[in-house]
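Here's a quick tour of a protein chain for anyone new to reading structures. Keep the picture open while you go through the points below.

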Amino acid sequence: VVGAVLLAVLLRAWNVDLMSIWQDEGLSLYRSALDLSGILGGVIPLGDLMTQDVHPPLYFLILAAWSRLLGDGTWFAKWLSLLASLPAVPLAWALARRTVDVSAARVAAPLVALSPLYLWYSQEIRSYALVVTLGLLAAYLLSRALAPRASDTPRVRVGLLAACGAASAALVWTHYLGFLIVAFEAA
């Protein structure tokens, strides 16, 4: 797992700022630079036309805090997505190990680390890397709560369910399609 995470860091950090940003990334930077009511409202003016960003605000709130803390350049903004993508590697390993077996876990972690599509999204100033990580986190916590370890007390199980609920809420508040993962969890 450690090797897969290190590989993911190297692949994602390599030329992280090589590609210029595209329109949606520019909208992410614009929305995150607004005040709190602007970020929560999602209103984007285009000249005299007022448009509505359909994405929930959590990613933009995190990006706003990140930018105010470290700087507002595109390099820093891309690193937020890069860092948000890294926990997906051990989470994929843990979820595969828990729900399938160790052999599946040994395949899952490198697949996430080497995924070209996930590599792309981990270098974009958009919410997609965070969505994958939150989805895997919620699924792992749910699997732990539904099939607890022998040493898990009822209090631990309730804590796991609460943490799953928090991760699921964060997921839905990050991307509007996150409710599909929550619906799958409910089923």
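Predicted model: local features only at pLDDT ≥ 70, side-chain atom pairs only at ≥ 80, totals over all residues.

**The whole chain**

- If you count up the elements, you get 11 helices and 2 strands.
- Taken along the principal axes, the C-alpha atoms fill a box of roughly 60 × 35 × 25 Å.
- Look at contacts between residues at least 6 apart in sequence: 67% of them join residues at least 24 apart.

- Of the 187 residues, 41% count as buried.

**Two helices side by side**

- Find helix α1 (residues 2-13) and helix α7 (residues 102-114): their axes are 8 Å apart, and they pack at an angle of about 10°.
- Angles under 35 degrees count as roughly parallel, and α1 and α7 are therefore roughly parallel to each other.
- On the α1 side, the contact is made by A4, L7, A8, L11 and R12, while α7 brings A109, P110, V112, A113 and L114.
- Sorted by class, this contact of α1 with α7 has 9 nonpolar residues, 1 charged residue and no polar ones.

**N15, a residue with a positive phi**

- Most residues other than glycine have a negative phi.
- N15 isn't a glycine, yet its phi is positive, near 55°.
- You'll find N15 in the loop between α1 and α2 (23-32).
- N15 has a relative accessible area of 37%, so it's partly exposed.

- Is P57 buried or exposed? Its relative accessibility is 9%, and buried means under 20%, so P57 counts as buried.
- P57 lies in the loop between β2 (49-52) and α4 (58-70).
- Leaving out residues up to four places away in sequence, P57 touches R31, I39, L40 and W173.
- For a sense of distance, the C-alpha atoms of P57 and A109 are separated by 29 Å, and the two residues are 52 apart along the chain.

Conventions. Residues numbered from 1 in each chain as written. Heavy atoms only, no water. Axes fitted to C-alpha atoms, helices over the stretch in contact; angles between N-to-C directions. Helix = DSSP H or I, 4+ residues; strand = E, 2+ residues; numbered from the N terminus. Parallel < 35°, antiparallel > 145°, perpendicular 65-115°, else oblique. Contact = heavy atoms within 4.5 Å. Nonpolar A, V, L, I, M, F, W, Y, C, P; charged D, E, K, R; others polar. Buried < 20%, exposed > 50% of the residue type's maximum accessible area, 1.4 Å probe, protein only.
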